[in-house]
Amino acid sequence: MDLEKYVSRTLRWRLCYRLTLQSILLIVFLIHVASGQIRYSIPEEMKKGSLIGNVAQDLGLDLKRLRSGRARIVTGESMQYTELKTDKGTLVVNERIDREQLCGDVTPCSFSFDLILENPMELHHVTVEVVDINDNSPSFHQHDMQLTIGESSAPGARFVLPAANDPDVGVNGLQDYNLSPNDNFILKKHFNSDGRKYTEMILERPLDREIYPSLSLKLIAVDGGTPQKSGIVNIYITVLDANDNSPVFNQSVYKANVMENAARGTYIITVNATDADSGSNGLIYYSISKMQGSIDSLFGINKTTGVISLSGQVNYEKAKKYEIRIEATDQGALTDSSKVIVEVTDMNDNPPVINVMSFTSPVSEDSPPGTTIGIINVKDLDSGDNGQVNCKIEQNAPFKIKSSLRNYYTLVTDTVLDRESVSEYNITVVATDAGIPPLSTNTTFNLKVSDVNDNAPVFPHGVYNAFIVENNSPGVSLLKVRAQDPDEKQNARISYILDVNDVGGSVSEYVSINAETGVIHAVRSFDYEQIKQLVFVVKAQDGGSPPLSSNVTVKVMIQDQNDNPPQVLYPVQTGGSLVAEMVPRSADVGYLVTKVVAVDVDSGQNAWLSYKLQKATDRALFEVGLQNGEIRTIRQVNDKDVVKQRLTVIVEDNGQPSRSATVIVNVAVADSFPEVLSEFTDFTHDKEYNDNLTFYVVLALAVVSFLFITCLVVIISVKIYRWRQSRILYHSSLPVIPYYPPRYSDTLGTGTGTLQHVYNYEVCRTNDSRKSDCKFGRAGSQNVLIMDPSSTGTMQRIQCEKSILDEPDSPLEVR
């Protein structure tokens, strides 16, 4: 017994545990399903701006998330019934909502839309149920109905009455029909397969045309709203005589199928009714009930054969099934009715529709693979396989399309983009359904790739060479450097800068560069003898952030001009001393006397020197080598050749025009040094004469003029003095006794001695004081021009005087 209790308790405990676990799993599942979906219920005809609900609160979203995620409502309908207030997180009415227009007879009536957020992408499904209000009254297709009924109609005869239409649903929709009180007819109510009511008027008591030739009834349709609304149709009955058999259909319900978009005139079905009467009372005419609105615009019936055909265009997306009320009427106006149900078969007649939810352009070229550039929504109104859509990118492009949610696709980058290769893409997205044949739709996205500064400027050459002739004008253009940057706008705006380089100082002292054009100008005039080549670096820097740059080397080769004359290095031309080359009188032909050495600081042919003998004391004795400047004898030296030989050699370069320098070479033809010294004095005179010829000509002219004026004054003074002396002697009564001091000349110029008392001497001195000479001159005092080799060529006046008293051989006094 205890064992049974224990087993029973264990089983009950396990059962409770399983039920509890199942309940928990069911609750978790329900919570998971509800997550991301909300549903609201509102009445129709609400004013614009009316509050529907707080979406942010109901979904548990932060307002910042709504703004950062660019929250928006996505619906495939053309009319946007709701609006999302992202600043408050509320959902409000955006357009008037008419439930009847939105859903028709469908109940419950609702519309759905998606709330999309980005970064990361979220999708929340929102359903808004529209609750009907009693804003429509029941109405009939026509206000009056004409019926013709034979008096012989048997009780139980049925007459189809028009159906009322009330767009409202539920309790606000059509609820009941009422027939005005009468003695002959009662109202019979029926329901269609879709739940709608329709009525028939049944003859309860036979008609008597003789008593009531016509009847007038009212059919009243009422709804269940508060307040209640109604609609009325007037029924006018004309009583005919004696046709007591009504037509009868062989089927109460006919069923048929038709393909949507079928051509007009397509056969659908044939209905058949029979009448037991004969003759004209047995003739039956078929018709489509006029009480069904516009159904007769889609279907037509042959009134004699009962063949139903398509007279309009049917669309599966609008209506999947049609119910046609068919009436058969004989000549006596007796009728029967039947129903034809036509089901529409779907065809793949709707291509997919692509709606662009978002698209980002331009996109930066450094965006990583997988960057979202667009979101699209694809819908197909067809059903089944005809509504299954597949999306792909048409061309081979660095993009791919992904789908993580139903009917939503994300367009992302597949690789790294490069604007310099492709700056713009036309991305064609093709949506194709699975119908036979398949239908497709394409949408093209024009995506521009924005630039980033990922390319440095590039010079087309590694080294730029420029040539310029020296002595150029400052500011002259040397060359133009040009770099290319495949980036665009500011990232491709290149500035050119000189890099610092030691070329005897800053490179900016020699050249400058235009920062925008890259034109390099010479800042100053170049001198080939100071700098032959200028090498510097130019940097091209773009305007990106951070900027990128590249360098190029520029070589400016300075070309020589013949702007420097030759410079004689030997023999050295000095003003303080004389240099002479000695040639022995025994020298043979070709004897090397000396070599004129000259240089030219120019280069090339401007520095090619040639030597020529311009003038010489004896041209037949010496020659100069044209290329080497060697002075050699061209004949045998003999005793008749003078000791002092003066050669003028001109050194000329090969420039255009050529420049030259002149050098004087003194040559002494002698076998001993004392012989040379005897002729040495004239060397200085010749040199000074050659160097200062102009100066001495001017000086001589001035001295001659001065002496002329002085002599003229002296002569006049002497003449006047003698005249006065003669006048004094002539008038004096005293005897004149001439008196002459001993050893002096007389006063009037008539001397009594035999020797003159004052002598002038010419003293000539050389650099060597041991080899001086003194010459006697004539009596009196005389000026002499002497060359002083130690001086710089100035003329000095030296006067040598000697007073001889008694002894003619006394020593000389030299001043």
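**View A. Aromatic cluster of Y81, F111 and F113.** One aromatic cluster is formed by Y81, F111 and F113. The model is predicted: local features require pLDDT of at least 70 and side-chain atom pairs count only at pLDDT 80 or more, while totals for chains, interfaces and linings use all residues. Residue numbers start from 1 along each chain as its sequence is written, and side-chain values use heavy atoms, with hydrogens and water left out.

**View B. The pair F359 and F445.** Ten aromatic pairs are found in a search of the whole structure; rings of Phe, Tyr and Trp (its six-membered ring) pair if their centres lie within 6.5 Å. The ring centres of F359 and F445 are 5.0 Å apart and their planes stand at 35 degrees, so this pair is tilted (planes under 30 degrees apart count as stacked, over 60 as edge-to-face and the rest as tilted). The pair links distant parts of the chain, 86 residues apart: F359 belongs to strand β26 (residues 353-359) and F445 to strand β33 (residues 440-450). Strands (E, at least two residues) are DSSP runs numbered from the N terminus. F359 is partly exposed at 27% relative accessibility, whereas F445 is buried at 5% (buried means under 20% relative accessible area, exposed over 50%, partly exposed in between; 1.4 Å probe, protein chains only).

**View C. The pair F459 and Y464.** F459 and Y464 pair edge-to-face, with 6.3 Å centre to centre and 80 degrees between the planes. Both F459 and Y464 are buried.

**View D. Charges over the rings of Y316 and Y198.** K320 lies over the face of Y316, 5.1 Å from the ring centre. R325 lies over the face of Y198, at 4.7 Å from the ring centre. A charge sits over a ring if NZ of Lys or CZ of Arg is within 6 Å of the ring centre and within 35 degrees of the ring normal.

Methods
Helix = DSSP H or I, 4+ residues; strand = E, 2+ residues; numbered from the N terminus.
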